[in-house]
Amino acid sequence: MAEGPHLESRLEHLIAVVQELSLARSLNDVTALVRHAARELVGADGATFVLRDCGQCFYADEEAISPLWKGKRFPLATCISGWVMQHARSIVIPDVFVDPRIPGDVYRVTFVKSMAMVPIRRASPIGAIGTYWAHHRKTSEREVALLQALADSTSIALTNIELYNDLERRVRERTAQLQALADELESFAYAVSHDLRAPLRAIEGLSAAIAEDYANALDPRGRDWLARVRRSAARMDRMIADMLGLSRVHAGASAPHRETVDVSALARSVARELQDGQPAQRVRVVVADGLVAVADPGLLRVLLQNLLGNAFKFTRPRSEPTVEVGAREVDGELVYHVRDNGVGFDAARASELFGPFRRLHAESEFPGTGIGLATVQRIVRRHGGRAWAESSPGAGATFYFTLAPGDRAHVPKDMSVDTPARARPEAALVDIR
């Protein structure tokens, strides 16, 4: 083999092939790369990729000046590639018709006069790479070293593919299991909704009839008990509805339908609806301009309804309740927030917030079922994002969430990494009577 620049160019070619092999994800990708690279590295007239298969040599692929044995199988004991695999050694044969290990009749109908072959995986070989010439030629040690380096890289690539395929299989199995579980949970939620609501409607109807027709027959204690029954029934109905809503967020396609959403407009719309539902309490809601997201618009509305609804609820004790909606870019990720000046909570218990039916305040103080933030968490996770909260008792709370990790295309132009998006005075909506 020529020294100097010629050797250097072949080494560069080998390095490029090794890099491509590291990215291969199928056997076809590997064989296509290797058959061509083997021929190019040593200037061969043909190259073949052989795999060990149930005691046979399977000629999986080839590249040659005329057909060789692609797709054929030969017993290990009668094939030169079998000898290479059984002995875990490379072989150089300058003349195929004088070497006793070569079945001359098989080669006589081909162009092959000389060859070099190396094992794929030196310990317990799983295949071989063969190169052939149409003239008598002795392959040099450096050429064999190049072929063996290619074979070693091929072994690693095949192992990676095996691991990759096994991982894909496990992911498919796990996805199928999770989908089956999701379907079961959805069916369970609907069954619970139907089966529990039937007797619940009877309780509500009968207690309403008692309150209407027999209230005067009851003493104060009896009327109080009846009122408790009706309040408990109403709360049970809300819990069932919220549980059903939570299951619906989880159901459906594995990935939400994403489109560009005007988050500023959506937040203002949700705030107006919430304010209309409680006209006695005026909340100042300030929404930063230019907020957008790539998200499912329906799920994003549900998310904002829950976060803003919580903010409205926990600012009720304040004389000037205020809620802010904004975002800032952090390490290339857009982080949205909903901030209020409400009663806040103990930061040490923040991890409990997003679990179903978890509450940090008494029902008598702030009514609710504890499903809202669990729904938020589920929506965020379906978008591949995160949700978390910061607070301290009496100092309000801030809820953060992300939706499209790494998506910088929709970051408002007036935002910077160091400066939060400023809520503008004209964004105040619901404090206008």
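Predicted model: local features only at pLDDT ≥ 70, side-chain atom pairs only at ≥ 80, totals over all residues.
Ser-81 is buried, with a relative accessible area of 0%. Ser-81 sits in helix H3. Setting aside residues up to four places away in sequence, Ser-81 touches Val-50, Cys-57, Tyr-59, Met-117 and Ala-128. Why does Ser-81 count as buried? Residues under 20% relative accessible area are classed as buried, and the value for Ser-81 is 0%, so Ser-81 falls in that class.

**The whole protein**

Before going further, here is the wider setting. The protein has 433 residues, and buried residues make up 43% of them. Its secondary structure comes to 9 helices and 13 strands. Among contacts between residues at least 6 apart in sequence, 65% join residues at least 24 apart.

Helix H3 covers residues 80-87 and lies across S1, S2, S4, S5 and S6, running at about 40° to S5. These strands belong to an open sheet of 6 strands, whose order is S3-S2-S1-S6-S5-S4 and whose pairing is antiparallel. Strand S3 (73-75) and strand S4 (91-93) stand at the edges; each has a single partner strand, so one side of each is left without a neighbour in the sheet. From one strand to the next, the twist averages 25°.

Helix H2 (residues 27-42) also packs on the sheet, where it touches S1, S2 and S6. The direction of H2 makes about 140° with that of S1.

| Strand pair | Sense | Bridges |
|---|---|---|
| S1 and S2 | antiparallel | 8 bridges |
| S1 and S6 | antiparallel | 6 bridges |
| S5 and S6 | antiparallel | 7 bridges |

Gly-46 has Tyr-132 as its bridge partner in S6. S5 and S6 form a hairpin with 6 residues between them, and Arg-121 in the turn has a positive phi of about 75°.

How many residues of S6 are buried? The count is 7 of its 7 residues, so the strand is mostly covered. Gly-127, Ile-129, Thr-131 and Trp-133 point one way from S6, while Ala-128, Gly-130 and Tyr-132 point the other way, and all are buried.

**Tyr-107**

Tyr-107 lies in helix H4 (residues 104-108) and is buried, with a relative accessible area of 3%. Leu-68 is 39 residues from Tyr-107 along the chain, yet their C-alpha atoms are separated by 9.0 Å.

In soluble globular proteins, nonpolar side chains tend to be buried together. Here, the largest nonpolar core has 39 residues, and the members that touch the most others are Leu-300, Leu-303, Leu-307, Val-323, Tyr-336, Phe-399 and Phe-401. Helix H8 (residues 297-314) gives the largest share of this core, 8 residues. A second, separate core has 29 residues, including Leu-41, Phe-58, Val-118 and Val-144.

Which residues does Leu-300 contact, leaving aside its neighbours within four places in sequence? They are Val-261, Val-263, Leu-266, Ala-293, Ala-295, Phe-401 and Leu-403.

**Where H7 meets H8**

Leu-300 also takes part in the packing of H8 against helix H7. H7 covers residues 263-277, and the axes of H7 and H8 come within 9 Å and cross at roughly 50°. The two helices are therefore oblique to each other, and H7 passes H8 in a right-handed crossing. On the H7 side, the contact is made by Val-263, Leu-266, Ala-267, Ser-269, Val-270, Ala-271, Glu-273, Leu-274 and Gln-275. From H8 come Pro-297, Leu-300, Arg-301, Leu-304, Gln-305, Leu-308, Gly-309 and Phe-312.

Definitions and conventions:
Residues numbered from 1 in each chain as written. Heavy atoms only, no water. Core = buried A, V, L, I, M, F, W, Y, C linked by side-chain atoms within 4.5 Å. Buried < 20%, exposed > 50% of the residue type's maximum accessible area, 1.4 Å probe, protein only. Helix = DSSP H or I, 4+ residues; strand = E, 2+ residues; numbered from the N terminus. Contact = heavy atoms within 4.5 Å. Pairing = 2+ DSSP bridges. Axes fitted to C-alpha atoms, helices over the stretch in contact; angles between N-to-C directions. Parallel < 35°, antiparallel > 145°, perpendicular 65-115°, else oblique. Left-handed = near helix turned anticlockwise from the far one by under 90°.
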